[in-house]
Amino acid sequence: MELPESTPRRRARPLRCITRCLVVIGIVAAATCAAASDWGMGAANSRLAPPDMFNPVSTPAYDIETLAWFAIAVCAGIALVVGALLAYSIIRFRSRAGDEEREPPQVYGSNPIEFAWTVVPLLIVFVLILTTARTIYTVEAAIAPPNAIRIRVIGHQWWWEVRYPGLKIVTANEIHVPVSDPAHPTPTFLDLESADVAHSFWVPRLAGKTDVIPNRRNTMWIEPRRPGVYLGQCAEFCGTEHALMLLRVVVEPRAQWDQWVAAQQKTAAASSDRGRRIFESTACVNCHTIKGTVADGRFGPDLTHFMSRETIGSGAAMNTHDNLRIWIKDPAVIKPGALMPRMNLSDADIDAVAGYLESLH
Ligand code: HEC
Ligand SMILES: [Cu+2]
């Protein structure tokens, strides 16, 4: 057979070189911009522990972690046995010189082998089903003690409405709960509802995922043992801004939580400055509530104590003066699909409204 002529080495063409350089520069620039325009979230979140289900701090999450490790151990055991048998067969029965003449022994049907490979996997699956069912049952069978904190969480495209019915508190995206002392547990029970499409509530260090379904009320509970801020997110694709439907659970010592409750129960400072007049005379009031004013809309987050929140737009931006101005001017700059329209306020009016919102502690 004739070998093909060796091809001459391709000379790098200058045009191709330039295009490649431009592509690389573009990618680096895009990545840098993305990092620079995360509205302070990257820096803020990097100070918090990642939302890791293998690092639980709350009762249902402990059980889920144990179950997950058990399932992983069983699967790792299966992988080890299968891998070892495979390696053994590959080495022991590899082709050797002189094999061409002989056929290996042909085995047709072996009751013991077929019995073994049917019954063993069945048993394994059965054990996994039983342990999973037991965990689900113990988590779901928990009954709320009388001192339990009760919260209604309502999923919206793309933010979380948070209501404490017994305490008459309404807030958004950041849930405050007291830490639970094992000697006197104060668990928090959540009713999950949706205002529009299916969402899923997930704070990995506190509990498993629970779907949030329209026209239905699902329940779950947490019992955090360590103070801290725990990150969560919507875990069910719910539209364009699903990835920016984040949430935070602030677990704080009881005394601090009581203070938070007392502050949230107060009505807004009844200042009558220009910012408040602009807010009250624009469509803001149709979508937002500020207790003690004419604003009683429920389409967007309650702003009564807006400054008690660390973030804007469900974890899309840190709640800073600059970010707030950008948000009021055009929310789409920070969160492109957000269902708050651009309100076309003048720069002076934006400053006044931002100033007013910043007085709502
Ligand atoms: C058509 C309804 C609508 C109108 C009108 C509206 N908003 Fe909003 N607003 C929303 C929605 C929805 C969100 C939540 C967006 C998200 O996080 O995806 C929001 C979020 C916000 C937030 C962030 C709140 C938080 O805690 O994350 C602020 C601040 C805000 N709006 C201020 C205003 C101001 C000021 C006006 C008037 C100039 C206004 N909004 C008009 C619907 C509206
Ligand atoms: Cu969602």
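Which residue classes, nonpolar, polar or charged, make up the shell around ligand 1? The shell has 22 nonpolar, seven polar and three charged residues. Here Ala, Val, Leu, Ile, Met, Phe, Trp, Tyr, Cys and Pro count as nonpolar, Asp, Glu, Lys and Arg as charged, and the others, Gly among them, as polar.

The model is predicted: local features need pLDDT of at least 70, side-chain atom pairs count only at pLDDT 80 or more, and totals for chains, interfaces and linings use all residues. Residues are numbered from 1 along each chain as its sequence is written, while chains are lettered from A and ligands numbered from 1 in the order in which they are written.

The chain has nine helices and 12 strands. These are DSSP runs, numbered from the N terminus (helices: H or I, at least four residues; strands: E, at least two). Of its 361 residues, 27% are buried. A residue is buried if 20 or more other C-beta atoms lie within 10 Å of its own, exposed if 12 or fewer, and partly exposed in between, with C-beta atoms placed from the backbone. Contacts require C-beta atoms, placed from the backbone, within 7 Å. Among contacts between residues at least 6 apart in sequence, 65% join residues at least 24 apart.

Around ligand 1 there are 32 residues, each with its C-beta atom, placed from the backbone, within 6 Å of the ligand. Trp159, Cys284, Cys287, Gly300 and Met340 come nearest. Helices H7 (284-287), H8 (321-329) and H9 (347-357) each supply at least two shell residues. H7 gives the most, with three.

H9 also packs against helix H6 (residues 274-281). The angle is about 100° and the axes are 7 Å apart. Axes are lines fitted to C-alpha atoms, for helices over the stretch in contact, and angles run from 0 to 180 degrees between N-to-C directions. H6 and H9 are therefore roughly perpendicular (65 to 115 degrees; under 35 is roughly parallel, over 145 roughly antiparallel, and the rest oblique). Arg274, Gly275, Arg276, Ile278 and Phe279 in H6 meet Asp349, Ala352, Val353, Gly355 and Tyr356 in H9. This contact has five nonpolar, two polar and three charged residues.

An open sheet of five strands runs in the order S3-S2-S1-S5-S8, with mixed pairing. Strands pair if DSSP finds at least two bridges between them. S3 and S8 (218-222) stand at the edges with a single partner strand each, so one side of each is left without a neighbour in the sheet. The twist averages 25° from one strand to the next. Strands S2 (residues 159-164) and S3 (residues 169-172) run antiparallel, joined by four bridges. Glu161 stands opposite Ala172 in S3. S2 and S3 form a hairpin with four residues between them, and Lys168 in the turn has a positive phi of about 55°. Strand S5 (residues 188-194) is joined to S8 by five bridges, again antiparallel. Thr188 stands opposite Ile222 in S8.

Strand S6 (residues 199-202) points His199 and Phe201 one way and Ser200 and Trp202 the other, and all are buried. Three bridges join S6 to antiparallel S7 (residues 210-212), where Asp211 is the bridge partner of Ser200. Two bridges join S6 to antiparallel S9 (residues 228-234), where Phe201 has Cys234 as its bridge partner.

Gly313 lies in the loop between strands S11 (311-312) and S12 (317-318). Gly313 is buried, because 24 other C-beta atoms lie within 10 Å. Its C-alpha atom is 9.7 Å from that of Trp160, 153 residues away along the chain.

How values were computed:
Two residues are in contact if their C-beta atoms, placed from the backbone, lie within 7 Å.
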